[in-house]
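Please read them with the structure open.

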Amino acid sequence: MLKKNWLLGVCLGLLGLAIGWTAMGAVSRAHRYIPPLKVTGDVTDVLTLQDPGRLGNMEKITFQGASYQAVKLADLLAKAGPQANAGQLYFVALDGFTTAIKATDIDHSYIAFTAKNGWEAINLLHPNSSNIKSITEIVVVSEGSGEGFTFNVLDPETDLVKITPGQLLTRPLTLYPYAEGKAVVQNDGKDYENQVFTKRRVFKISDLTPLQEGDMLLVMGEKGEYRLVDDSGYFEVKDNSINYLHPDTRTKLQKVQGVILRPPAAGIMDVYYDGRRYLESGDKLLVVVLDGLTYQQCDYAMANGYAPFLKSAGKATQACGVYPREANVGLATLLTGKAPEENGVVTASDHTLQAPSIFTEANKLNKKAVFLDAAPKQLDTETEPVSISDRNADGSADDELFEATGATLEQGCDLMMVRFHAIDDTGRRYGFLAPETMQAISVTDRYLAGIVSRWPGKVIVTGVQGAGSAEAAGAHASFDSEGMFVPYWRMK
Amino acid sequence: MKNVCKLLLLFLALLLLTVTVAACGDKAQGGAAEPGPYDQEKIVVHGLQEQDFEITLADLKKLPTITKHAEAPRSNGEMVIVDATGPLLDTFLQQYGKTQKDFSRIRFTAKDQYSIAVPSDVLANRQIILSYINDGKPLDEEMQPVRIVIPEERAMYWVRNVARIDFETGGDQKSPNKVVFLETAAKSLPQQDYEYFDSVDKAVKTSDLIAKYADINDSSVTNVFMKASDGLQKNESKANFLSAFIKITGDEAPKFLAPQFPQGMHIRGLVYIIYGQTAIFDYAEGSTLLSNLNIPKQVEEGKEGIAFSQIFKQTGLIGGNRYKFISADGNSVVLTINDLGSGGLIYRNAQGALAFTCTGSSGKKNVDDLLAIEVLP
């Protein structure tokens, strides 16, 4: 009995100790300020560390005669998820002192927190000047660039700049006081005011590449934003992404993917505006959409004899596509004349249009509309697409689509949209300029010749970005001059 | 020993219960737009009508709501994150024929006298939610009855415990006090050929239009507001606006456009432009807009046209006691409210030019080739 009571006493004692320990820990944490340490730059997840207890596996190390509880820098880095190949790690101290080490040489590098020195880098094998105290940031800087987190600047001809947030953070940036607003509180009948600013690390496009007077910039964001602006706004390097800010108009675009300098005025949105105009003028309209056909690819095909019909139609207008580069996103944009952020189709899984489409306009005007599609249905449109299947199992439904288009032409309609798909399929499988892809363009060109010659009205032929060519190149949905422009023709 | 074990179990169960209750303590009662204990809490509204008036949370609950995700950083790097549900301020203002853009500032004041004035640039570019549900739950007591949430702005604007809303029209933003008629104005501007599909139409530069008829150096102008007869409304940046054209003949005229703009930025059937304190109004498209709105045409002495008051209503001009009517030849006449009588009419005369007529206390007044109307102090 005595032994049992003794055991119970020990149990209760341990329980009390555990509760006390937890409570003391909470109290202790509540009264201790730990400055944040940010792991930022070219990482998937920006880490803000304020609790040394949550760093992960702590190791006891001895350095210059002192012992530390520290976490391996490599473990910390792995937690943040470096993008592409991490090349350099920059340790930035409170006073701006910065040191960089190679990201591949961190087997004996640690981060510790001490009450005296705050966050501290301990690089056992590096020169002593790498061991800096009061670190506020570790900036991961990748070598080269990778899709998805690279900031791209291009013009209609070429890619001008590819730079990552981490690389930008190592360049000279302007610290811009962005006015947030003014607050006031009334005390004893008197107003006490304060103005609020946030200091932001910004740059202008002209800091990266030369601009000419009056150059316009087309800024595209991760969520389908599409804004034509001048160079008076700023690009902010914010952790692992780039944002666009315009202090006067308070325009803010998060996670900018790229900027097109001197963009062509034409865009795939023109299908909607041109189409509406033709229909309102009483014209019949045929719209041929060539999935995956880009401007450079078409140029190459025409120059090398793969597209005689398109070549005979005259030089194509270079038209801007949109970002993200997904087939349904591009299709929704050309149908509605609105950027993805406005039409509601921003990802491959979005199917509902939140803006009127060219089919809405046709309905308003009591026009008969038909939509024939060689690809599976991707969008909910007022005119239900007729999905054409690959009956002869030759790997493409385009031949069946050509037949179906001929039959529909006989029946007559006011608006006919026809969407060929083989160029995108082939491009994805073989590559952007591969002979097989050129062959697919050649076949489609023959179909076009057959259809357009029989159409009794206006014709629009346009490419629309698929993700295909980018995937073939080993990347996905890249923002580059090869993929961001499509050819556009108005015929008859 | 059994009793002691039971005691220990009971102690642990109580501990668990305490922890559970503590964790659930901030869960609110009730659901979206359901009646709640704060429904009769009053918010004073100033500046919207002649007299201050009060609204209650119950009033706001009757309005259509939206839910928006909003995030704002604190200075310590923490994020204030909320899914805010409630009516938009614009939805509330719609009941009074106003939008938030009609005001130079809107000040929200909390019960503890904290207040913040939301400036015109925020009003012009952001949605303001009068939220009473946050993250799917009614507001905590210290936020009742309403918490302002402005997505994309700092949390300093997110006033909780709102007790008063002041709508201000003075300050840095001034309402238009002059209307210029585009049809007349364009005649005296350089016109150039503009290739538009298969035709060549005439266009004027917006910079010429503004330089001649408005204050192009007005540094307070950052956005230019435009409205079309199909109801489309758009703010364009000053730089973009001044680099463009207005096509004044042919299809879809008057049309705001520029060769360098995507077609999505073009505006066809332009009714009016607000540039600072000047409204530029197109009579023909104004007539179409009014017809689309089922507002009957005004008829005076057999002449059909747009009522003088409609020009004010559409463009947001603030009325005055005296008005200066200016002809294209530079002649002008100043008329008082009494001179205007029943209001006056803007119409097209036999020569196709715009004209104004009214019959008031001083008899009949006519202005031919009407270029502009200025509100005099």
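1. In which sense do β12(B) and strand β20 (residues 278-281) of chain B pair, and over how many bridges? The two strands pair in the parallel sense, over four bridges; strands count as paired if DSSP finds at least two bridges between them. V180(B) has I280(B) as its bridge partner in β20(B). Helices (H or I, at least four residues) and strands (E, at least two) are DSSP runs numbered from the N terminus.

2. On the source: this is a predicted model, in which local features need pLDDT of at least 70 and side-chain atom pairs count only at pLDDT 80 or more, while totals for chains, interfaces and linings use all residues. Residues are numbered from 1 along each chain as its sequence is written, and chains are lettered from A and ligands numbered from 1 in the order in which they are written.

3. β12(B) also pairs with strand β28 (residues 370-376) of chain B, here in the antiparallel sense and over three bridges. In β28(B), I373(B) is the bridge partner of V179(B). Both faces of β12 (residues 178-181) of chain B are covered, with K178(B) and V180(B) buried on one side and V179(B) and F181(B) buried on the other. A residue is buried if 20 or more other C-beta atoms, placed from the backbone, lie within 10 Å of its own, exposed if 12 or fewer, and partly exposed in between. In a regular strand the side chains alternate between the two faces of the sheet.

4. Chain B as a whole contains ten helices and 28 strands. Of its 377 residues, 40% are buried. Chain B is divided into domain 1 (31-168) and domain 2 (178-376), with bounds from an automatic or database domain assignment. The C-alpha centres of these two domains are separated by 35 Å.

5. Where the chains meet, 28 residues of chain B are in contact with 27 residues of chain A, contact being C-beta atoms, placed from the backbone, within 7 Å. On the chain B side, β6 (114-119), α4 (120-125) and α7 (238-242) each supply at least two residues, and β6(B) gives the largest share, five residues. By class, that side has 14 nonpolar, eleven polar and three charged residues. Here Ala, Val, Leu, Ile, Met, Phe, Trp, Tyr, Cys and Pro count as nonpolar, Asp, Glu, Lys and Arg as charged, and the others, Gly among them, as polar.

6. Strand pairing also crosses between the chains: β12 (residues 174-187) of chain A and β6(B) pair in the antiparallel sense over three bridges. One of the residues involved is V184(A), whose bridge partner in β6(B) is S115(B).

7. Chain A is assigned domain 1 (30-143), domain 2 (151-258) and domain 3 (270-491).

8. The largest nonpolar core has 130 residues, and I111(A), V140(A) and V219(A) have the most contacts inside it. Such a core is a set of buried Ala, Val, Leu, Ile, Met, Phe, Trp, Tyr and Cys residues joined through C-beta atoms within 7 Å. Beyond its neighbours within four places in sequence, V219(A) is in contact with residues including R227(A), Y244(A) and L253(A).

Key:
Contact = placed C-beta atoms within 7 Å.
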